[in-house]
Amino acid sequence: MKALESEQQFETLKNEQTVFMFTAGWCPDCRVIEPELPNLESKYPEYNFISVDRDQFIDLAVEHDIMGIPSFLLFKDGKLQGSYIGKERKSIEQIDAFMQKYV
């Protein structure tokens with residue numbers, strides 16, 4: 001999964017089919033799902049999967065009401081299609097079910 005480099009890049013990628021995963025280096029729940037993420041990326045090759053460091057891009061997190069991590073935003077053609085936000089631990093199966101709603 002590629003890492004977000006700038007807020008400008010976020011704005012550009014919103015106009016494509018992109019899933020943003022808000023995460024942080026200290027997040028244990030994020031580390032639990034990391035080994036399975038390549039499988040999810042392979043299952044949905046039409047989407048860009050981008051890791052967003054919540055601490056580095058706190059303004060983006062606040063703007064999109066990201067209170068807990070990991071959290072996911074799915075954009076297509078500049079519009080937010082769906083979000084999976086919450087403080088609870090998310091399984092790869094739950095993230096996959098979220099994705100299936102929008103493909």
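Phe 75 is buried, since its relative accessible area is 3%; buried means under 20%, exposed over 50% and partly exposed in between, with a 1.4 Å probe and protein chains only. What you have here is a predicted model, in which local features need pLDDT of at least 70 and side-chain atom pairs count only at pLDDT 80 or more, while totals for chains, interfaces and linings use all residues. Residues are numbered from 1 along each chain as its sequence is written, and side-chain values use heavy atoms, with hydrogens and water left out.

I will stay with the aromatic residues for now. The whole structure holds 5 aromatic pairs; rings of Phe, Tyr and Trp (its six-membered ring) pair if their centres lie within 6.5 Å, and planes under 30 degrees apart count as stacked, over 60 as edge-to-face, the rest as tilted. One of these pairs is Phe 10 with Phe 20, and it is tilted because the planes stand at 40°, with the ring centres 4.3 Å apart. Phe 10 belongs to helix H1 (residues 7–14) and Phe 20 to strand S2, so the pair links distant parts of the chain, 10 residues apart. Helices (H or I, at least four residues) and strands (E, at least two) are DSSP runs, numbered from the N terminus.

How buried are these two? Phe 10 has a relative accessible area of 0% and is buried; Phe 20 is buried too, also at 0%. Phe 10 also pairs edge-to-face with Phe 75, at 5.9 Å centre to centre and 80° between the planes. Since Phe 10 sits in helix H1 and Phe 75 in strand S4, this pair ties together parts 65 residues apart in sequence. Phe 10, Phe 20 and Phe 75 make up one aromatic cluster.

Next, helix H5.

Which residues of H5 (92–100) are buried? They are Ile 92, Ile 95, Asp 96, Phe 98 and Met 99. Down the helix axis they fall within an arc of 155°, so they line one face of H5; the arc is that of the directions from the axis to the C-beta atoms. Their cover includes strands S2 (18–23), S3 (48–53), S4 (71–76) and S5 (79–84), together with helices H2 (28–33) and H3 (37–43).

Ser 51 is in strand S3 and counts as buried because its relative accessibility is 17%. Leaving out residues up to four places away in sequence, Ser 51 touches Met 1, Lys 2, Ala 3, Leu 4, Met 21 and Thr 23, where contact means heavy atoms within 4.5 Å.

Lys 90 lies over the face of Tyr 84, 5.4 Å from the ring centre; the criterion is NZ of Lys or CZ of Arg within 6 Å of the ring centre and within 35 degrees of the ring normal.
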